[in-house]
Amino acid sequence: MANTILIVGAGEAGGQSAIVLRQSGFDGRVVIVGDETYVPYERPPLSKAYLAGEAPLEKMFLRAPEFYDTQKIELMLGRRISAIDRGARTARFDNGDSLAFDKLVLATGGRVRTLSCPGATLPGVHYLRTIADVAAYRERLAAGARIAIVGGGYIGLEVAAVATKRGCAVTVLEALPLVLNRVVAPEVSRFYMDVHRGAGVAIHTETAVTAFTGTSRVEHVICGNSRFPADLVIVGIGIVPNVELAKDAGLAVDNGIVVDEFTRTSDPDIYAVGDCTNHPSPSVGGRLRLESVHNALAQGKAAALHIVGKAEAYNEVPWFWSDQYDLKLQMTGISKPGDTVVIRGSMADRKFSACYLRDGRLVAVNAINMAKDFIQSKKLIAARSVVDPLRLADASVPLKDLAPVA
Ligand SMILES: Cc1cc2nc3c(=O)[nH]c(=O)nc-3n(C[C@H](O)[C@H](O)[C@H](O)COP(=O)(O)OP(=O)(O)OC[C@H]3O[C@@H](n4cnc5c(N)ncnc54)[C@H](O)[C@@H]3O)c2cc1C
């Protein structure tokens, strides 16, 4: 069995790989190298409770810092791996040091996509991916502050909800015609826009940022001929997967590091897990790169189990959640434009599910304050079940009772 497992990236996927290695009885050397200075932590609270000042830092840690000592997991934090030599089975740090490995797990995640328009580097223009990002501006989310959010995706909207709750004057600027454009049906997008507008958020769609202006820090966001005043700007326009290490080492990369259902890359001794991977997803019927906690944890586990010889294929239905105001959105499966959308429940009561059918089969569900639909939809989606749209539309019929039509 391998002696040294090197994990590059101390996020949830990397942390979980180490945890499961030890849980599975691996007693060799486990090293996690991470360029942030924190033990592996959960990012979702960064745009929710932690941003709101309602959750302490320690609550985000995957495990308490002492855990790693007790489990003899070596943490090398604030350190960065800059190259991998596959032939020599070594990884090189950016200061020139190197570390030998028997098996390598790439858990490098993603970095924020940045804007390059004029003024984009002005103080006061921020992003949201790390604890350090939030620490730089959380205190500025105070009553009366004018917050401009660039990007109406999940992160932008979650920040909008938190900032509104803290009494800020919030403007969301979205380049596309609808918020959450890529991921939910137009009816769900419009529902979220109504909710945010009802809470006082100004949402401007088809409004792309062209510049930021200000003297010593940002004062305005410029979108063509329009100008929006801002004391603070938070940009949430997606991430870019960190694939460079893999690519430079000659591993297969295609919108993520290409892995199989056991998270193996094109090199049998190198695994990749989490946001940085492009992996097979049988329930989706193809390959995908996914940015979700569940995916990061499940792939982290799959890599560890494969390393210790207890391989379990990772083929679960993708899922994700988003909290905004009193709305818990839980999403299973992946929808596409052109899917037939069936709404069950009541949008007016803020309790409904948008169900997506493709060729009559249930492929995705967005459950809004409908926890049971979320839970019960997973099986139907995994089985690619054909369901009766009329019964599906009846919220009094539990999803689990929707016997497959064929
Ligand atoms: C604000 C926010 C809110 C979110 N909310 C949700 C949610 O509600 N639900 C949900 O399911 N998901 C959510 N996500 C997504 C989820 O957090 C990610 O899918 C998950 O964190 C991915 O984990 P990961 O370990 O793959 O990658 P990451 O978390 O990106 O971790 C990778 C780590 O590796 C480090 N690294 C990269 N390259 C190197 C290198 N060469 N050397 C050393 N270190 C390196 C990176 O700096 C980073 O620390 C959210 C994400 C964010 C940012």
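**View 1. The three domains of the predicted model.** In this predicted model, the domain assignment of the protein divides the chain into domain 1 (4–111 + 240–307), domain 2 (125–235) and domain 3 (326–401). The centres of domain 2 and domain 3, taken over C-alpha atoms, are separated by 29 Å. Where these two domains meet, 6 residues of domain 2 are in contact with 7 residues of domain 3. On the side of domain 2 that touches domain 3, the residues divide into 5 nonpolar, no polar and 1 charged.

**View 2. The open sheet with strand order β9-β16-β10-β11-β12.** This sheet is built from 5 strands, and the pairing between them is parallel. At its edges lie β9 (125–127) and β12 (202–204), each of which pairs on one side only. Direction ignored, neighbouring strands of the sheet are turned by 20° against each other on average. As background for the reader, the strands of a sheet pair through backbone hydrogen bonds, and this pairing can be either parallel or antiparallel.

View 3. Strand β9 is joined by 3 bridges to strand β16 (residues 232–235), and the two run parallel. Within this pairing, Tyr127 has Val235 of β16 as its bridge partner. Helix α4 (residues 154–165) packs on the sheet, where it touches β10 (146–150), β11 (169–173) and β16, and the direction of α4 makes about 170° with that of β11.

**View 4. The shell of residues around the ligand.** There are 36 residues around the ligand, and those that come nearest are Gly9, Gly11, Arg43, Gly109 and Gly274. Two or more residues of the shell are given by each of the elements α1 (12–23), β2 (29–34), α7 (293–307) and β22 (319–324). Sorted by class, the shell holds 15 nonpolar, 13 polar and 8 charged residues. Because domain 1 (4–111 + 240–307) and domain 2 (125–235) both give residues to this shell, the ligand lies between them.

**View 5. The packing of helix α1 against helix α7.** The axes of α1 and α7 are 7 Å apart, and the two helices pack at an angle of about 35°, with α1 passing α7 in a right-handed crossing. Among the residues that make the contact are Glu12, Ala13, Gly14 and Val20 of α1, together with Val293, Ala296, Lys301 and Ile307 of α7. Taken by class, the residues of the contact of α1 with α7 divide into 10 nonpolar, 5 polar and 2 charged.

Conventions: Residues are numbered from 1 along each chain as its sequence is written. This is a predicted model: local features need pLDDT of at least 70, side-chain atom pairs count only at pLDDT 80 or more; totals for chains, interfaces and linings use all residues. Two strands pair if DSSP finds at least two bridges between them. Helices (H or I, at least four residues) and strands (E, at least two) are DSSP runs, numbered from the N terminus. Axes are lines fitted to C-alpha atoms, for helices over the stretch in contact, and angles run from 0 to 180 degrees between N-to-C directions. A residue is near a molecule or strand if its C-beta atom, placed from the backbone, lies within 6 Å of it. Ala, Val, Leu, Ile, Met, Phe, Trp, Tyr, Cys and Pro count as nonpolar, Asp, Glu, Lys and Arg as charged, and the others, Gly among them, as polar. Domain bounds come from an automatic or database domain assignment. A crossing is left-handed if the near helix is turned anticlockwise from the far one by less than a right angle, and right-handed if clockwise.
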